[in-house]
Amino acid sequence: ERKAKEEKERKAKEEEAEKSKTREVTVPLNGNIQSSTSVPPDQTLEKMNTLLTRTLKNVSVKTFYEVAWSDGQDTSAEKLYKPWLEELGSYNVETSDWTMEEHKNGWCQETYSQFRKVRFEFKRTTHLYVGPPTAIVNQKHHCRVDGNDRCVLQMTVEMEGIPYADCFAVEVRWVATRVGSSDLQIKVGVHVDFKKSTMFAKQIKSGTLVETKPIHSKLFERIKRSLPETSDSAEEDESNDEELAEDRGEEESSGLSFMGFSLGDAKKQVESLVNKASEGDHISIAALLLAAYVSFWFITRLFGLVLFSRNEMKGQESTMDISQLASKMDVLE
């Protein structure tokens with residue numbers, strides 16, 4: 001009898017718990033059933049650096065997915081992602097169709113209901129570069145829609161043709177979360193996933209944060225323009241603005257950067273190597289010797305070119321800027 005009573009009480013508690021999970025819903029005038037309870041925050045996004053936070057008025061999760069990510073596949077929406085990339089100056093843009101089956105993202109280990117690949121090229125703007133003048137971007141998009149509460153797009157970005165491209169990948173996460181009964185909060189986060197150890201990890205991370213934010217801000221604006229006219233956008237607090245501003249200030253303070261790494265940071269790395277070398281670290285000694293050789297070679301090349309340019313332009317007003325100098329010199333290519 002005691003066991004039967006305990007079993008009865010257990011079942012009663014389970015039924016009560018199930019009832020507590022039942023959410024109140026409201027039906028707006030447009031007929032779309034939407035929940036009025038709050039949605040818990042995205043746990044993965046909390047581990048990332050926030051790029052932007054926005055609120056869209058009177059937009060459902062379904063509408064946002066169709067406009068932003070569906071590219072018209074099984075929806076009436078127009079293609080958006082490929083045209084937007086081309087607007088930015090990217091070329092040879094290839095976007096595969098969505099594969100409607102479960103895929104797991106290797107970084108966050110979450111399962112998504114659809115998957116696609118994106119590949120494109122863009123012209124590099126850094127003048128003192130290593131490698132070809134163009135870079136290739138490979139993206140893997142994982143997407144899922146969790147009812148009317150949330151839409152998540154996890155983007156893994158890998159590069160070809162830039163320094164240390166094999167050392168890291170960039171994870172970008174777009175999360176559209178229902179707020180109240182009819183609004184959406186859009187949050188975008190970024191994380192640099194290092195595959196190999198590198199002495200320039202700090203510079204790669206700061207450079208990624210600074211350069212990634214404006215790109216995804218432009219993507220948000222492009223998505224917003226494609227949403228129904230009834231939608232509206234309101235800015236919210238962006239917690240990482242100060243951190244991004246500090247990173248940008250550090251990068252620009254030297255007046256010259258090499259492969260995106262500031263001279264101030266390079267100085268710190270050299271000082272660290274010197275300290276380790278003085279302690280007898282053979283790898284640090286070898287790195288210092290290599291750095292000294294490369295620096296000597298670079299300076300002699302630069303000095304020789306300056307002399308050549310001065311003789312060539314003797315008697316004429318020089319209008320050669322640093323970008324022309326670098327392209328003529330073909331530095332380190």
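Strands S8 (residues 134-146) and S9 (residues 150-160) pair in the antiparallel sense over 11 bridges (strands are DSSP runs of E with at least two residues, helices are runs of H or I with at least four, both numbered from the N terminus; two strands pair if DSSP finds at least two bridges between them). This is a predicted model, where local features need pLDDT of at least 70 and side-chain atom pairs count only at pLDDT 80 or more, while totals for chains, interfaces and linings use all residues. Residues are numbered from 1 along each chain as its sequence is written, and side-chain values use heavy atoms, with hydrogens and water left out.

Across these strands, Ile136 faces Glu160 of S9. The hairpin leaves 3 residues between S8 and S9, and Gly147 there takes a positive phi near 60°. S9 also runs antiparallel to S10 (residues 168-179), joined by 8 bridges, with Leu153 opposite Trp174 in S10. Of the 11 residues in S9, 8 are buried (under 20% relative accessible area; exposed is over 50% and partly exposed lies in between, using a 1.4 Å probe and protein chains only).

Turning to the rings, there are 4 aromatic pairs (rings of Phe, Tyr and Trp, the last by its six-membered ring, with centres within 6.5 Å; planes under 30 degrees apart are stacked, over 60 edge-to-face, the rest tilted). One of them is tilted: Tyr81 and Trp84, with centres 5.7 Å apart and 40° between the planes. These two sit about one helical turn apart because they are 3 residues apart in helix H3 (residues 81-87). Tyr81 counts as buried at 1% relative accessibility, and so does Trp84 at 4%.
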